[in-house]
Each structure stands twice: as C-alpha cells, then as structure tokens.
Amino acid sequence: MIASSGASVFDPARYAGLDLLTSAVVILDDRGRVAFANAAAETLLDFSLRTMIGQRFAGMLSNGSLIDELFAEAGRREYSDKRLDFEIHRPGREPLPVHGIVTVLHDDPRTPVLFELQESDQQRRVDREERIHDQTQINRELVRNLAHEIKNPLGGIRGAAQLLHMEMSTPKFAAALAPNFAAEFADYARVIIKEADRLQSLVDRLLAPHRPARIVGDVNIHEVCERVRSVLLAEYPRGLVIARDYDASIPEFRGDKEQLIQALLNIAHNASQALASRISEGDAEIVLKTRISRQVTIARTRHRLALELHVLDNGPGIDPSIRDRVFLPLVSGREGGTGLGLTLAQTFVEEHHGTIDYESRPGRTDFRILLPLP
C-alpha cells in the first residue's frame, strides 16, 4: 500500500483541464480516496463530485475489491500504466462495462493513481471509426488506380466500336455480307458503345471524389437538409414521412454545400430504398436530426464543437452480411445497386474533416455524420 504522506494539500485547479475530456477521470490520493473527478466521471458513475470527494473509490462500488487490487499494485510499483476491461457495479444500478487505464502519477505522491474510464461501447465505436477510416483510405487509392487503368483501354474500345458502326453503314461493307447481317452487326456495335458509355460513367463516379472541391463557402446545414428533403418528397410523394428534428442554434461553417447535399442525399436515398415495402404500406419514416456535440474526437483530432447530423429510418436494417463493408466501393445490399453511394458520401464528409458511422437493427437504422465546427 502507498504510504500516507499526511494531510492532503491537493490542488484541484491543477487538473481542471481534465474537465474538457469525454473520458471519465478519477484521481485517488495516497489512501485510495477520491481527490478529483472530472465532469465526465460524474456522468459515467452517476455520483456528484461533492459525494465522491474524500470517499474511498473502492467503497463506492459493489465490486470495489478490483479497485483495491489495482491501487495496491500501483503502490508496489508493479506497473506504470495498465489497461483492462471490466465492469463497474454501482449500488442499485445496472453493471457498466468499461475500458480502463490506470496510471501511476510518479510526480505527485499525494495523488499517486489516476483512473481513466470509458464506456466499452464508446471505445469500440472510436476503434471502429479509426479502422473504417484506415481501410477506406487504402481501398480508395486502390479503386482510383484501377479506375485510371480501366479508363484508357475503355476509350479505345468505344472508339473502335464507333468506327466499326460507321463502316457497317457503307455500301461496300453491306455488299460483303449476307442480307441483314450488316444491320445485325451494327446492333452489336451499338451495344458495345452503350456498355462502354455505362462503364465510363461508373469510372467517372469512382474518380469524382478525388477531384478538388469547386465551391467552398458558408454552409447552413439545415438548408442542406431541406434540399435533400424536397428531393426525396418529390420522388416519394406518398407513403413516406420525412420528419425534421433540428437544433436551430447550430452555426454556419465553411464547406462545399453541393458535396454535403450529395453526401446526405446518398444516405437518405439509400434509406428510402430500404423502406420500399413500408412506403407501399404507407408507414415509412425518415428523420433528419441535427445536434451539437462537445469535446469530440474525429480522426484522432480533438474538437471543441461538432455537428451531429443523423439520418434515421424505420426500415429492416442493414444486412448483417455487409455491415462491416457498407462504406467499401462496389458493396451494395440492393440488387442493381452500384455500391458507390455510401463510398462517395464518406469521401465528401472526410473532405470536410468529418466522419460517418451507423447503428442498425430491424426497425431502426441511424447513420450519423459528424463534422467539426469552428
């Protein structure tokens, strides 16, 4: 056990900056008592700061023996920092799974141990965002290179088919073939041209996100939402309700309005297609929801304020077989889909230094766009 160093002269102002963190931080004194807890710890543990200060941290939990053990190991200097997953059992409340980091503070013997706690679901979400971001960067570069490799020979195929089609219309070519063969071969040439054009369009869409933004200006996110809402209502005038749940206090920010409209439209359009059966029954609903988040980490960067834009629907949910791949190019859960909608949406959002994530279960899918605010 850490030896007592007398009456505590702990200065909480020293750690005031920890109140800005979203992770719960609890600092223990040399007797295992709470010397400091930030605002996130009050929320996570559901104890007020006044209640916690001066109390043994282990004594506040039904399974406090684990805290005592970690505290004792820290006192014996068995580690400098230790990471583990465990449950916090608060009296009268549901067990709370957390990811914890226990750090020995060598520079202050009066407050020798710091506990950093984060809900396991939140930690998994951060890890998943980082994994998706890294995987998407790799796949995007692969697709871009592949698209460039396809583009040149595709142009040659289309050009040759055009020349062949023109040659087939000449009397010389018609005379060299049996009756009606020239017309039949001309049809084949037209099919080649048509399919080459379709592939060219696909290649252009694959390359489009890698071209620089053309218009950057002040963006009102609710104007973006209303534009998307009007497009969907024009396409689905009956059977689909598109509800608004806006936070009017969200400020304008700098961005490419057209890119954000396209990103949101791709997500909302996917939702409307997933709602096809409910639209026919007349009870389909999409909700466009905006909120402000504070102290948010996006792509390993901390932001004081961020915009949360949610697209919620009451459809069947995302097919489990593609849930880990929905943002990858050419992955689609719909027959006939190109699998580019969410890929392009993610690219446009990332160009605004944001991220997209989702949660899905039957009856509720929630796509969340997170964008930093100034």
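Visitor: Why is helix H10 (residues 341–351) described as largely enclosed by the rest of the structure?

Guide: Buried means under 20% relative accessible area, exposed over 50%, and partly exposed in between, with a 1.4 Å probe and protein chains only. Of the 11 residues of helix H10, 10 are buried, so the helix is largely enclosed by the rest of the structure. Among them are Gly-341, Leu-342, Phe-348 and Glu-350. Just after H10, His-353 takes a positive phi of about 65°. Helices (H or I, at least four residues) and strands (E, at least two) are DSSP runs, numbered from the N terminus.

This is a predicted model: local features need pLDDT of at least 70, side-chain atom pairs count only at pLDDT 80 or more, and totals for chains, interfaces and linings use all residues. Residues are numbered from 1 along each chain as its sequence is written, and side-chain values use heavy atoms, with hydrogens and water left out.

Visitor: What makes Tyr-358 and Phe-367 a stacked pair?

Guide: Rings of Phe, Tyr and Trp (its six-membered ring) pair if their centres lie within 6.5 Å; planes under 30 degrees apart count as stacked, over 60 as edge-to-face and the rest as tilted. The structure holds two aromatic pairs. In the pair of Phe-57 and Phe-115, the centres are 5.6 Å apart and the planes are at 70°, hence edge-to-face. Phe-57 lies in the loop between helix H2 (49–52) and helix H3 (65–75), and Phe-115 lies in strand S5, 58 residues apart. Both Phe-57 and Phe-115 are buried. For Tyr-358 and Phe-367, the values are 5.2 Å centre to centre and 25° between the planes, hence stacked.

Visitor: Why do Tyr-358 and Phe-367 count as buried?

Guide: Tyr-358 has 5% relative accessibility and therefore counts as buried. Phe-367, at 9%, counts as buried too.

Visitor: Why is Gln-162 called partly exposed?

Guide: The relative accessible area of Gln-162 is 35%, so the residue is partly exposed. Gln-162 belongs to helix H4 (residues 120–168). Its C-alpha atom is separated by 8.9 Å from that of Ile-192, 30 residues apart along the chain.

Visitor: How do you know that strand S10 pairs with S9 and with S12?

Guide: Two strands pair if DSSP finds at least two bridges between them. Strand S9 (residues 284–298) is joined to S10 by 12 bridges, running antiparallel, and S10 is joined to S12 by nine, also antiparallel. Ile-286 has Asp-313 in S10 as its bridge partner, while Leu-309 stands opposite Ile-369 in S12. Of the 13 residues of strand S10 (residues 301–313), 10 are buried, so this strand is largely enclosed as well.

Visitor: What makes the second largest cavity a nonpolar one by the class of its lining?

Guide: On a 1 Å grid over the protein atoms alone, a cavity is a set of points where a 1.4 Å probe fits but cannot get out, and lining residues have an atom within 4 Å of a point. Ala, Val, Leu, Ile, Met, Phe, Trp, Tyr, Cys and Pro count as nonpolar, Asp, Glu, Lys and Arg as charged, and the others, Gly among them, as polar. The lining consists of Ile-221, Val-224, Leu-260, Leu-264, Leu-309, Ile-369 and Leu-371. By class, that gives seven nonpolar, no polar and no charged residues.

Technical notes:
1 Å grid on protein atoms, 1.4 Å probe; cavity = no way out; pocket = protein on both sides within 12 Å on 5 of 7 lines; lining within 4 Å.
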